[in-house]
Amino acid sequence: MNTSPEHKSIPNRFKNKVCIVTGGSAGIGKAIVNEYCQEGGKVLFTGLDKQEGLNYQNELNTSGFHSVFVHGDMGQESFCQLVVDKTVEAFGGVDHLVNNAFSFVAKATDATTEDWKRSLLVGPVAYAHMARFCQPHMHNGGAIVNMSSISAHIAQPTRWTYNASKGAVNQLTKCQAMDLAPDNIRVNSIDPGWIWTTETDKAANLDGGGRKKWDPIWGKFHLLRRMGHPIEVARATLFLLSNDASFITGTNLMVDGGYSAIGPEGLGDDTVNAGSY
C-alpha cells in the first residue's frame, strides 16, 4: 500500500525554462526539483542544511542537469532578494517559482510572539517577498505555485500558528493571482494531505513500527486509504507550472488523497450502517 506510484516525466516540457524552488533540498521540494530537472528545466533551490543541499546539487549536476543550491533562511527578506538575484545571474531570468519552504511551528496558547513571527515570516511573508522580487524578471509571463496544506482548511489540536499561516497562504494566492494577471503570471496553491517525508518517517519510527504499521493507520484519514508521496505532489506542481494549466489561476488544488472529502463518519470501516436518514 505504501509503494510510491510510478510517474513518467514529459521530456523537454520545461526546456530552457528556469524555476526557483524554496526548501528544495528535502521532502516535497526535493521531488519538485528532481522532476523539473528531469523535464529539461534549470533550477535554483534553497535549504537550511548546507551540506544536504550541496550534496543534492552535486548529484543533479553530475547527472547532467543544471542546478544551483543557495544556503540560507527564507525568513530574511534580504535572503529572498539574494535568491532571485543569483537565479538571474546564473540563468538569465525566472519563469517559475515554487514557494515551498515553511516553518513548522505548531503551537497554540503557548505560542510566543517570536513563534508567530517565525511561522509567518518563513511562510506567507516569504512567499510574498519571492513573488515581488521575481515579478520584474518574468518577462514572458510565468507561473507561481504556493505550497499550502490541508491544515489551511481545518482545525487541528495545538496548531494555531501553523494552520493560521497556511490559511494565509491560500488567501495570499488569490490576491497574487489578481494583481499579477496583467503580467501574464498565474498563481495557484496546492494543499497536500499527509505525505511521507523525513518528518513523518521519524514520527512513524518512534515506536519502531515504521511505515508498515502507520501507513494503514494514518491512511484512514484519506479516501485512498494511504498516505501520499512527495512525487505525487511534485507532479501536480509541475502541471500547474506548465502550459497545460494555462487557464488556471487563483485556484487551490487539493492533492490529499480525498482527505478533505471525508466526513465525521470516516471511511465507514468502524461505524454501524444506520441506513438512510
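Asn12 is placed in the segment before strand 1, and in this predicted model the residue has a positive phi of about 65° although it is not a glycine. Asn16 also lies in the segment before strand 1, and a positive phi of about 65° is likewise found for Asn16, which is not a glycine. With a relative accessibility of 59%, Asn16 counts as exposed, since the term applies over 50%.

The confidence of the prediction can be described for the chain as a whole and for one stretch of it. The mean pLDDT of the chain is 94, and 70 or more is reached by 96% of its residues. Over residues 271-277, however, pLDDT stays under 50, and for this stretch the model has two contacts beyond four places in sequence.

Helix 1 comprises 12 residues, 27-38, which at 1.5 Å a residue should span 16 Å; the C-alpha atoms at its ends are 17 Å apart, and the two values therefore agree. The buried residues of this helix are Ile28, Gly29, Ala31, Ile32, Val33, Glu35, Tyr36 and Cys37. After helix 1 comes Gly40, which has a positive phi near 95°.

In soluble globular proteins, nonpolar side chains tend to be buried together.

Aromatic side chains were examined next, and a search of the whole structure finds 11 aromatic pairs. One of them is formed by Phe45 and Tyr56, whose rings are 5.5 Å apart from centre to centre, with 65° between the planes, an edge-to-face arrangement. This pair links distant parts of the chain, for Phe45 belongs to strand 2 and Tyr56 to helix 2, with the two 11 residues apart. Phe45 and Tyr56 are both buried. In the pair formed by Trp194 and Phe221, the ring centres are 5.2 Å apart and the planes stand at 55°, so this pair is tilted. Here too distant parts of the chain are linked: Trp194 is in the loop between strand 6 (185-192) and helix 6 (198-204), whereas Phe221 is in the loop between helix 7 (210-219) and helix 8, and 27 residues separate them. Trp194 counts as partly exposed at 24% relative accessibility, and Phe221 counts as partly exposed at 36%. Both residues belong to one aromatic cluster, formed by Trp194, Trp196, Trp214, Trp218, Phe221 and Tyr259.

The ring of Tyr56 has the charged end of Lys30 over it, 4.8 Å from the ring centre, and the charged end of Lys166 sits over the ring of Phe102, 3.7 Å from its centre. Lys166 is also touched by Ser149, which, not counting residues up to four places away in sequence, touches Tyr162, Ile190, Asp191 and Pro192 as well. Ser149 is located in the loop between strand 5 and helix 5, and with a relative accessible area of 7% this serine is buried.

Trp116, in helix 4 (residues 113-134), counts as partly exposed at 28% relative accessibility. Beyond residues up to four places away in sequence, Trp116 touches Ala111, Trp160, Thr161 and Ala164, while its C-alpha atom is separated by 29 Å from that of His229, 113 residues apart along the chain. Ala261 is found in the segment after strand 7 (252-255) and, at 57% relative accessibility, counts as exposed. From C-alpha to C-alpha, Ala261 and Gly92 are 43 Å apart in space, and in sequence they are 169 residues apart.

Key. Residues numbered from 1 in each chain as written. Predicted model: local features only at pLDDT ≥ 70, side-chain atom pairs only at ≥ 80, totals over all residues. Heavy atoms only, no water. Helix = DSSP H or I, 4+ residues; strand = E, 2+ residues; numbered from the N terminus. Expected span 1.5 Å × (residues − 1). Buried < 20%, exposed > 50% of the residue type's maximum accessible area, 1.4 Å probe, protein only. pLDDT = per-residue confidence, 0-100. Contact = heavy atoms within 4.5 Å. Phe/Tyr/Trp six-rings, centres within 6.5 Å; stacked < 30°, edge-to-face > 60°. Lys NZ or Arg CZ within 6 Å of the ring centre and 35° of its normal.
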